[in-house]
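Biologist: Please show me how to read this structure, one feature at a time.

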Amino acid sequence: LSLASAVATNASGEVDTSFGGYLTNLPGGIVNRIVVQADGKVLAAGNFRFARSFSRAGLIRFNTDGTIDAGFQPPAFYNSSGVGGTINCMVLQPDGKILVGGDFQGANSIPKQGMMRLNADGSIDETFNVLLNAGGTVLDIIVMTDGRLMIAGNFTINDPGGNRVGIARLNSNGSLDPILYQNIVAVNKLLLLADGRLIAGNASSLRRYTADGIFDPTYISVTVGGGAVLDMHLLGSGKILVAGAFSTVNTFTMRGLFRVNADGSVDSAFNPTGTSVSGWVSGITPTPEGKLLIFGTFSQYTAFTRKSAALMDENGLIDQSFNFSQHNYGSPIADMAFLPDGKIMVGGQSTAQSTAGAQNALTKINTDGSVDTTFSLPIYNSPGAAYVVRVQPDGKIVVAGQFVGAGGLPRASIARFNPDG
């Protein structure tokens, strides 16, 4: 997650009125992915159909002032119900082209199941073609240093050299790389190592592949039960921290979080005090000090009461100085991002605004986890949700999700805040 000056007419901590969110009327829409470009423009993707008078189905770009970039003309994504579909992942290539993956059948009446590439102006890049079978969904995309791509999801790509299932390596034009990964299940998360080996996480296992696509014979595959792997973080030691919605690891009770050694064996030295979490962990964010912030939905970490967020070191030992206890989200914490001053913006789903003690979907917390009471601008939709939080290079904070207003101003599913929140 990104680490990220207020405009003179806007006080710090207020909704940034220079970012014209009043234009972004996405009725009933959800924004679940944001990319802030180097020029300050903001790409937003998800599941929506309109933005005011503009037809924008699933993808839109905003100028630095929040107005809709009329020069960016993305196609209209569609699914079996017509115009619509959902973009699950989005990657901006170094050349300005945009890779999108998700649950859609195509765009502008052109079949492009599950994945496509757009030019910098939003038009479909006709030189890029990947042929997923009907119903295929892409959940993760990695751009390799040589321009090739790794994709993961729930898909099959038929090929005489062997069908690609769940994992595929593509050439820069979308054609299949000859390497065939030995995989037969859907995969939702990838971690590419510097030597070209690949870690793949799914609903039942964690496996490593060599750069040639075969199961790495030196790696001890891990089985998980009760839920999927959702996030992975490579530690400086070469070990990997794995988070997810699982309840067992190699048939032993182990919820939400574990660490594997370089050979794939579960690291018994991690969190030696006992069971990690009482629920599941959806994300891992490294702190500027080298610690790790985990978040999701749980009420306890080891022997300590922690409400869906905890701070620990690489060995799993809790930092007791951090305790985000004053929240009551109606669903898991969706995202956390560090601000330049070390404070943290937290996104989730609010409880109904009419409820006593209702939780705002966007909360700012101090370095010890206490709520920063100087920030009190609600994201609302009764209830509302903040799924993505990104900090721009200038310190301003872009928040996206599903809501109709922010800080008393009309803002439909995307808003920007001044540096102090």
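Biologist: How many aromatic pairs does the structure hold?

Modeller: Four aromatic pairs, in a predicted model. A pair of aromatic rings is described by the distance of the centres and the angle of the planes. Rings of Phe, Tyr and Trp (its six-membered ring) pair if their centres lie within 6.5 Å; planes under 30 degrees apart are stacked, over 60 edge-to-face, the rest tilted. One of the pairs is Tyr 181 with Tyr 209: edge-to-face, 5.5 Å centre to centre, 75° between the planes.

Biologist: Which parts does that pair tie together?

Modeller: Tyr 181 lies in the loop between β15 (164–170) and β16 (189–192), and Tyr 209 in strand β18 (residues 205–209), so the pair ties together parts 28 residues apart in sequence. Strands here are DSSP runs (E, at least two residues), numbered from the N terminus. Tyr 181, Tyr 209 and Phe 215 form one aromatic cluster.

Biologist: Is Tyr 181 buried or exposed?

Modeller: Buried means under 20% relative accessible area, exposed over 50%, partly exposed in between (1.4 Å probe, protein chains only). Tyr 181 is buried at 3%. Tyr 209 is buried too, at 1%.

Biologist: What is the mean pLDDT of the chain?

Modeller: pLDDT is the predictor's confidence in each residue, from 0 to 100. The chain's mean is 85, and 86% of its residues reach 70 or more.

Biologist: What conventions apply?

Modeller: Residues are numbered from 1 along each chain as its sequence is written, and side-chain values use heavy atoms, without hydrogens or water. In this predicted model, local features need pLDDT of at least 70 and side-chain atom pairs count only at 80 or more, while totals for chains, interfaces and linings use all residues.

Key:
Helices (H or I, at least four residues) and strands (E, at least two) are DSSP runs, numbered from the N terminus.
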